[in-house]
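The stops below are given in the order in which to select them.

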Amino acid sequence: MDELPGELRPLEEELLASRWHGPPLELRDRVLGDVQHQLAAELRTSRRESRWTFAAAVAVSLLVWMNLSISATTATGGRARLASSAAEVDRLAAEIHELLPELSAAAARRQAILHRSCDTLVFRPELPPPSITQDPREELDRLSE
Amino acid sequence: MNHPGDPLLPDLAAGQSQAFGLLYDRFAGRLFGAAMRMLGRREDAEDVVQEVFMAMVRSRGQLSKVDDLTAYLFTALRHAAGRYASRRARQPVVAEAAEEAVAAQPGQDHPRGEELRTAMAALPPEQREVIAMKIDGELTFVQIGRVLGVSPNTAASRYRYALKKLRSALQEAPETAAE
């Protein structure tokens, strides 16, 4: 493959002898200066981008956390419970202790806390009162007939 | 000259400026020589070498996939030189620039320098680039084949054909001058 016909060899030698003797010295500074400039610019851009990405991630996390907190508070009625829980637990503990004096104060308090927890966890649907469609006396008359 | 899995590639891909300095020291002479042979103008050759290095910086993320750094660099050089040649073809020739171009040709201190330049300029660009890659770039036919997207045998025959054309042009030159 590298075999060149003999008649072309002198021309190849001539071409090899006519080669340019290296690039000008100032080209090195020019090229490498531009390379460094480009690398520094890309580094600055990537740092700026990563800073913005971090800020956006923090903002999104904060929003999600706020949303979940608000949902949790609204759905479980935690706000009302937090406001009155301590006083209510004390009152409930006192009642339990009065009913069951053999329980220690700490055990009564534990029972009060458990009772309150269960109270808030149990789902109690709020049903509308039954509507009276007719007068009861009319209804009794109708049944006795 | 082939450097499969070149040890410089990871540092280049990581964007280390020292690696680009080493790359310049290793390849700039051959790239510049080939660009001079292809374009024939010193300022164009300098711009093309600079463009090759800037392209390397911009596409350094893909360097980990490169097998042959030499072929990769000369492919970039070929594309950049092609762009410069077509840009120059659209521009009007300024007398001063033409004089400067002639003064800074390869082979300026060679006895037949001017004849070689004229004969080279008469070759089609695809033959000029094969000679430039072989003579100035010191590429093997395997590497030239990679750059051109042809087999090594085709690259070798293109080179032989280009040399024959160049020899014919050189033989015809004195007759033309005598006329």
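Start by selecting B:Leu31, which touches B:Val49, B:Val52, B:Leu73 and B:Leu77, leaving aside residues up to four places away in sequence. Touching, or contact, means that the C-beta atoms of two residues, placed from the backbone, lie within 7 Å.

Before going further, note that this is a predicted model, in which local features need pLDDT of at least 70 and side-chain atom pairs count only at pLDDT 80 or more, while totals for chains, interfaces and linings use all residues. Residues are numbered from 1 along each chain as its sequence is written, and chains are lettered from A and ligands numbered from 1 in the order in which they are written.

A residue is buried if 20 or more other C-beta atoms lie within 10 Å of its own, exposed if 12 or fewer, and partly exposed in between.

Now colour by chain. Of the 179 residues in chain B, 42% are buried. Among contacts in chain B with a separation of 6 or more, 72% join residues 24 or more positions apart.

Chain A has 5 helices and 0 strands. Of its 145 residues, 8% count as buried.

**α2(B) with α4(B)**

Show α2(B) and α4(B) together. Their axes come within 10 Å and cross at roughly 35 degrees. Axes here are lines fitted to C-alpha atoms, for helices over the stretch in contact, and angles run from 0 to 180 degrees between N-to-C directions. On the α2(B) side, select B:Phe27, B:Leu31, B:Ala34, B:Ala35, B:Met38 and B:Leu39; they meet B:Leu73, B:Phe74, B:Leu77, B:Ala81, B:Tyr84 and B:Ala85 in α4(B). This contact has 12 nonpolar residues, no polar and no charged. Ala, Val, Leu, Ile, Met, Phe, Trp, Tyr, Cys and Pro count as nonpolar, Asp, Glu, Lys and Arg as charged, and the others, Gly among them, as polar.

**α2(B) with α7(B)**

The angle between α2(B) and α7(B) is about 150 degrees, and their axes are 8 Å apart. That makes α2(B) roughly antiparallel to α7(B); angles under 35 degrees count as roughly parallel, over 145 as roughly antiparallel, 65 to 115 as roughly perpendicular and the rest as oblique. Residues of α2(B) in this contact include B:Arg30 and B:Arg37, and those of α7(B) include B:Glu129 and B:Asp136. The contact divides into 6 nonpolar, 1 polar and 5 charged residues.

**α4(B) with α8(B)**

Next, select residues 69-90 and 141-148 of chain B, which are α4(B) and α8(B); these pack at about 45 degrees, with axes 9 Å apart. That makes α4(B) oblique to α8(B). B:Thr70, B:Ala71, B:Phe74, B:Thr75 and B:Arg78 of α4(B) make the contact with B:Gln143, B:Arg146 and B:Val147 of α8(B). These residues divide into 3 nonpolar, 3 polar and 2 charged.

**Two single residues**

Go to B:Glu138, in the loop between α7 and α8 of chain B. B:Glu138 has a positive phi of about 55 degrees although it is not a glycine. Most residues other than glycine have a negative phi. Is B:Glu138 buried or partly exposed? With 16 C-beta neighbours inside 10 Å, B:Glu138 counts as partly exposed.

Then select B:Ala55, found in helix α3 of chain B. B:Ala55 is partly exposed, with 17 other C-beta atoms within 10 Å. Its C-alpha is 7.6 Å from that of B:Ala76, 21 residues away in sequence.

**Where the chains meet**

Finally, show both chains again. 34 residues of chain B are in contact with 25 residues of chain A. On the side of chain B that touches chain A, α2(B) gives the largest share, 9 residues. That side divides into 18 nonpolar, 10 polar and 6 charged residues.

Definitions and conventions: Helices (H or I, at least four residues) and strands (E, at least two) are DSSP runs, numbered from the N terminus.
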